[in-house]
Amino acid sequence: MREYLEVLLSRVGYRVSIAGNEKAAVETLGAGGVDVVISDMKLGTGSGLSVLKAARAQSAPPEVILITAFGTPAAAVEAMRAGAYDYICKPFDNEELKLLVQKALEKRGLREENRQLRRSLSGMRGLWVGESPAMQEVWGLVEKVAPSRTTVLIMGESGTGKELVARALHLRSTRAGAPFLPVNCAALNEGVLESELFGHIKGAFTGAQADRAGILVSAGEGTVFLDEIGEVPMSTQVKLLRVLQERRVKPVGSSTEVPFQARVVAATNKRLEAEVKAGRFREDLLYRLNVITVDLPPLRERTGDIPLLARHFLAQMREELGRPNLDFSPTAIEVLERYSFPGNVRQLQNIIERAATLADTDVLGPETLPSALRGEGEAEQQSAGTVELPNGFSLERYLDDAERRYLLAALQRAGGVKTRAAELLGLSFRSFRYRAAKHGLGDREDGGDSGPA
């Protein structure tokens with residue numbers, strides 16, 4: 001029977017491993033890579049239920065189909081209670097068994113995809129770190145909208161976390177067990193995009209060697225995420241509008257429409273109202289898409305969240321690099337807070353990853369951050385007659401930070417002697433002492449320093 005099933009299932013494309021007894025089956029399971037187990041209930045001195053128990057104990061458990069010659073209700077209840085996907089009675093029909101294996105694999109595939117989505121959301125959870133009212137409002141809207149079938153339009157600059165919002169909408173809905181299928185509309189030309197979305201039939205174009213369902217149909221009752229919707233060509237926009245209105249797609253080359261159940265979530269970093277005025281985006285499609293709009297604020301508008309985000313990303317790097325003592329210096333945090341982050345949260349995450357990876361010590365100071373954040377190169381810009389003025393820039397805070405850095409540098413060069421440090425900076429001792437006290441440097445050991453009161 002083992003050899004027969006091996007031949008039967010191999011012929012339809014499955015990779016099959018066989019085991020002659022319970023012990024060999026458990027060893028095969030322990031090696032990993034098993035998606036479906038087919039086992040007899042009676043295994044000589046062993047039991048198929050023991051194999052089932054070993055399968056359920058795996059970190060990513062395979063589905064188990066049990067074969068029995070005793071098709072009693074009690075046997076079925078026992079198998080299902082123990083976690084079997086299904087059972088089949090001898091003698092069985094080949095097609096029935098193949099269909100059962102196919103369905104078991106589909107169930108496991110959906111479960112694994114959902115697990116990957118949850119892991120992905122967990123990995124990106126830092127994008128939701130923050131206490132700003134703007135992000136709390138966004139998260140509240142996501143929780144409220146997630147259970148519905150309503151089309152959602154997510155707007156925000158690059159790096160603000162638009163795909164994360166789409167995934168959150170999916171995972172917090174009843175569709176969480178179905179696929180989440182993203183499409184980057186900007187990366188595909190018109191013909192490929194239509195085939196990807198709507199599908200095609202055999203012979204519809206050169207290379208179409210078989211019928212293919214589009215993503216809208218393949219997603220089943222899941223979610224289709226149309227990223228960069230503002231880049232869709234006008235001719236495709238017309239077809240997409242009809243698809244969203246009718247909830248039916250016509251594969252490329254076909255005359256028959258196919259219904260679909262998936263929810264559609266779109267995202268863009270453009271202001272679509274301006275695109276409509278410029279004649280690059282259809283107004284009726286905009287109205288169809290933005291039933292609910294989620295507007296993600298750029299990081300420069302929620303600067304209070306920067307320290308929280310930075311520490312969150314650093315905590316991830318501590319675990320990844322095995323360096324539990326990594327931490328920021330206060331000055332490094334101040335430098336991060338002053339920067340406008342045109343690349344938003346994604347840029348901040350990349351900066352922290354770079355700093356943690358390249359740092360020689362456990363304290364990440366300003367020197368571990370890119371020069372653009374530290375303001376280096378501004379003198380060259382000024383000499384050229386231009387100065388970049390980032391949003392949220394505070395001259396007072398910038399000058400305070402610069403003053404503190406020069407005071408510390410002078411103290412270090414002077415060996416802590418304040419009179420010498422004051423001379424190095426061209427200041428009177430009284431002026432130096434006042435500035436040092438303002439920055440909390442007045443209580444440093446001064447190496448016998450004395451100066452006029």
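Which residue in E5 does Ile 65 stand opposite? It is Asp 86.

Some ground rules. This is a predicted model, where local features need pLDDT of at least 70, side-chain atom pairs count only at pLDDT 80 or more, and totals for chains, interfaces and linings use all residues. Residues are numbered from 1 along each chain as its sequence is written, and side-chain values use heavy atoms, leaving out hydrogens and water.

Now the sheet. It is open and has three strands, ordered E1-E4-E5, with parallel pairing. At the edges sit E1 (36-40) and E5 (86-89), each pairing on one side only. Strand E4 covers residues 63-68, and four bridges join E4 to E5. Strands here are DSSP runs of E, at least two residues, helices are runs of H or I, at least four, and both are numbered from the N terminus. Two strands pair if DSSP finds at least two bridges between them.

Next, the largest pocket. Of its 32 lining residues, the closest to its centre include Val 16, Ser 17 and Val 36. E1 gives the largest share of the lining, five residues. A pocket is an open set of points on a 1 Å grid over the protein atoms alone, where a 1.4 Å probe fits, with protein on both sides within 12 Å along at least five of seven lines; lining residues have an atom within 4 Å of a point.

Last, confidence. The chain's mean pLDDT, the predictor's confidence in each residue from 0 to 100, is 83, and 88% of residues reach 70 or more. Where pLDDT is low, the predicted coordinates should not be read in detail.
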